[in-house]
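Let's walk through this protein together, step by step. Have a look at the sequence and the fold first, and then read on.

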Amino acid sequence: MASIRKRENGSWRARYRDHAGKEHARHFARKVDAQRWLDEITASIITGAYVDPKTSLTTVRQWSEIWLKGYENNRPSTVRQARTHLKRINASFGDRSLKSVRPSEVKAWTAKLSAEGLADSTVYALHSRMGQLFSDAVHDGLLAKSPLSRRTAPKAGKQRPYVATTGQIWGLHDAMPDGLKPAVLLGAFAGLRIAEAVALRVLEDVDWLRGVIKPAIQYPGVELKTEESKNPIGIPQDLSLELSKNHTKWGSATLVTNEWGRGISPHRLEHYFREARAQVPGLPDGFRFHDLRHYYASLLIAKGLDVKVVQRCLRHASAKTTLDTYGHMWPDKEESAKAAVADIMKERQARLAETANG
């Protein structure tokens with residue numbers, strides 16, 4: 001319902017009611033302006049782009065606080081990461097209304113973050129988080145359109161992981177305290193992530209007879225995020241024997257323990273890992289526990305396994321993730337394709353030669 005009425009002072013009062021029955025009104029000096037405003041409002045209601053004028057004044061910080069409350073049903077680590085992202089987003093846009101943020105400002109923001117030295121992957125993650133925030137604001141009726149899109153997205157950055165040599169892997173293993181040696185084995189020869197390695201349980205998560213690791217939880221005892229992460233990992237008997245030594249000595253519940261046979265946190269493991277890294281010649285300062293997983297991937301690829309098998313062993317959700325990270329490690333298939341065509345051409349020339357000589 002909408003109407004325009006002339007007031008006693010000569011101005012024109014335009015009013016309408018939204019879907020909730022709430023009345024909104026504005027005053028104009030000219031009737032034509034009042035009619036134009038009502039036409040725009042009517043069009044936005046029909047197309048579904050209508051936003052309550054008062055709601056549209058919600059600031060980025062106000063909305064992020066509301067949004068985070070609905071996001072808190074995720075894993076604590078996931079929520080902590082979201083809080084970190086939102087803190088940086090609010091530092092630049094927190095006091096701005098949602099509708100005032102422009103695509104050009106988003107692009108300038110990501111460029112500034114890059115200039116400050118943030119990694120491409122970090123800048124990309126912050127842009128993705130902000131996109132999620134604004135997309136949900138649109139879905140919740142606070143905003144007609146998000147200012148973030150592929151056109152404002154920064155480059156994701158391509159990962160070219162450092163791959164340690166086999167000698168460096170064993171050097172790390174030997175430099176670690178006895179209780180933590182299994183962690184290196186789990187990372188380098190089974191591809192476990194650090195939170196998975198420290199949480200791996202002797203009885204529930206390893207089938208010692210069949211030689212299978214079955215990841216189920218990660219530190220501090222929470223279920224793994226995806227079904228792919230629970231894919232079983234086959235291990236040889238020699239590796240099983242090495243992994244069982246710690247439990248045989250301590251009777252521990254987990255394969256990875258501290259010097260007293262008790263479980264250890266990823267943070268403490270990283271501390272010891274850095275100390276061991278310093279003792280291994282050639283390892284860069286930034287070499288992380290996660291880089292053991294890259295060694296595992298390179299080992300599988302070097303043995304000629306195809307991308308789908310490597311994907312399953314690494315427990316990636318898709319082959320695209322595997323290729324994006326490790327595609328450069330596979331042998332050059334273009335040369336193989338050229339060689340295959342060359343063989344066909346040689347066979348053709350040979351047959352022609354036989355025909356001509358026959």
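**Charged partners and a pocket**

Glu116 and Lys112 form a salt bridge, with their closest N and O atoms 2.7 Å apart. A salt bridge here is a side-chain nitrogen of Lys or Arg within 4 Å of a carboxyl oxygen of Asp or Glu. This is a predicted model, in which local features need pLDDT of at least 70 and side-chain atom pairs count only at pLDDT 80 or more, while totals for chains, interfaces and linings use all residues. Residues are numbered from 1 along each chain as its sequence is written, and side-chain values use heavy atoms, with hydrogens and water left out.

How open to the outside are these two partners? Glu116 has a relative accessibility of 44%, so it counts as partly exposed. Lys112 is partly exposed too, at 48%. The labels work like this: buried means under 20% relative accessible area, exposed means over 50%, and partly exposed lies in between (1.4 Å probe, protein chains only).

Glu227 and Lys230 meet through their side chains at 3.4 Å, N to O. Glu227 is exposed, with a relative accessible area of 57%, whereas Lys230 is partly exposed at 22%. Next, Asp291 pairs with Arg288, the closest N and O atoms being 3.1 Å apart. Here Asp291 is buried at 5%, while Arg288 is partly exposed at 41%.

Now for the largest pocket, which contains about 1,300 Å³ of space. Arg288 turns up again here: of the 34 lining residues, the closest to the pocket's centre are Gln81, Arg193, Lys225, Arg288 and His290. On a 1 Å grid over the protein atoms alone, a pocket is an open set of points where a 1.4 Å probe fits, with protein on both sides within 12 Å along at least five of seven lines, and lining residues have an atom within 4 Å of a point. Grid points are joined across faces, edges and corners, and the volume is the space filled by probe spheres set on them.

Which helix gives the most to this lining? The answer is H10, with five residues. Helices are DSSP runs (H or I, at least four residues) numbered from the N terminus. Among the others that supply at least two residues each are H3 (76-93) and H5 (120-139).
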